[in-house]
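I opened the model to look up how its parts meet. My notes follow in the order of looking.

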Amino acid sequence: MALAKLGVVVLDCPDPRALAGFYAEVLGGTVEVQGDPEDDGWVDLKVPGGPALAFQRAPGFVPPKWPAPDASQQFHLDLVVEDLDAAEKGVLELGAKPLDAEDRERTFRVYADPAGHPFCLCAC
């Protein structure tokens with residue numbers, strides 16, 4: 001028997017509202033500022049048909065390095081897509097940066113979101 005169930009994945013970042021907006025454009029969903037609307041230190045993204053993501057302001061945030069055998073990437077998101085080329089075009093227009101997307105024969109490509117978190121587009 002499980003002791004708990006997963007509530008939400010939280011990404012630390014310098015600007016929670018902006019990063020939630022990036023993922024809302026990628027995944028769809030509704031951005032909701034929690035608490036005082038003037039203090040967007042915690043923002044939720046309610047994703048239709050999937051788990052929510054949350055974004056927390058982290059003063060002094062340092063993005064993970066990828067790839068870096070001497071440093072942890074912390075975590076990454078795998079985002080399933082129908083068309084890798086179309087999804088790539090879309091995330092790049094939204095401000096993602098390619099990390100490992102040169103091999104066009106693979107079923108995945110790696111990017112960094114605007115705050116530097118790695119994520120994969122997967123046609124798996």
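I took the domain bounds from an automatic or database domain assignment. On that basis the protein is divided into domain 1 (7–61) and domain 2 (62–123).

I noted the ground rules: this is a predicted model, in which local features need pLDDT of at least 70 and side-chain atom pairs count only at pLDDT 80 or more, while totals for chains, interfaces and linings use all residues. Residues are numbered from 1 along each chain as its sequence is written, and side-chain values use heavy atoms, with hydrogens and water left out.

**Domain interface**

I looked up the spacing and found the C-alpha centres of domain 1 and domain 2 to be 19 Å apart. Domain 1 puts 13 residues into the contact and domain 2 puts in 15; contact means heavy atoms within 4.5 Å.

The size of an interface is often given as the accessible area lost when the parts come together. Buried area here is the accessible area (1.4 Å probe) that two parts lose on being put together, summed over both. For domain 1 and domain 2 I read about 1100 Å², with 80% from carbon and sulfur atoms. On the domain 1 side, Phe22, Tyr23 and Phe61 lose the most area to domain 2, together 50% of what that side buries.

Strand 1 (9–13) and helix 1 (16–27) each give two or more residues to the side that touches domain 2. Helix 1 gives the most, with six residues.

**Aromatic pairs**

Rings of Phe, Tyr and Trp (its six-membered ring) pair if their centres lie within 6.5 Å; planes under 30 degrees apart count as stacked, over 60 as edge-to-face and the rest as tilted. I counted five aromatic pairs by this rule. Tyr23 and Phe119 are edge-to-face because their ring centres are 6.2 Å apart and their planes stand at 70°. Tyr23 is in helix 1 and Phe119 in strand 8 (residues 118–122), 96 residues apart.

In one, the side chains of Asp85 and Arg109 meet at 3.0 Å, N to O. Asp85 belongs to helix 2 (residues 84–93) and Arg109 to strand 7 (residues 108–112), 24 residues apart.

Last, I looked at Asp100, which lies in strand 6 (residues 97–100). Not counting residues up to four places away in sequence, Asp100 touches Trp66, Arg106, Arg109 and Val110.

Conventions:
Helix = DSSP H or I, 4+ residues; strand = E, 2+ residues; numbered from the N terminus. Salt bridge = Lys/Arg side-chain N within 4 Å of Asp/Glu carboxyl O.
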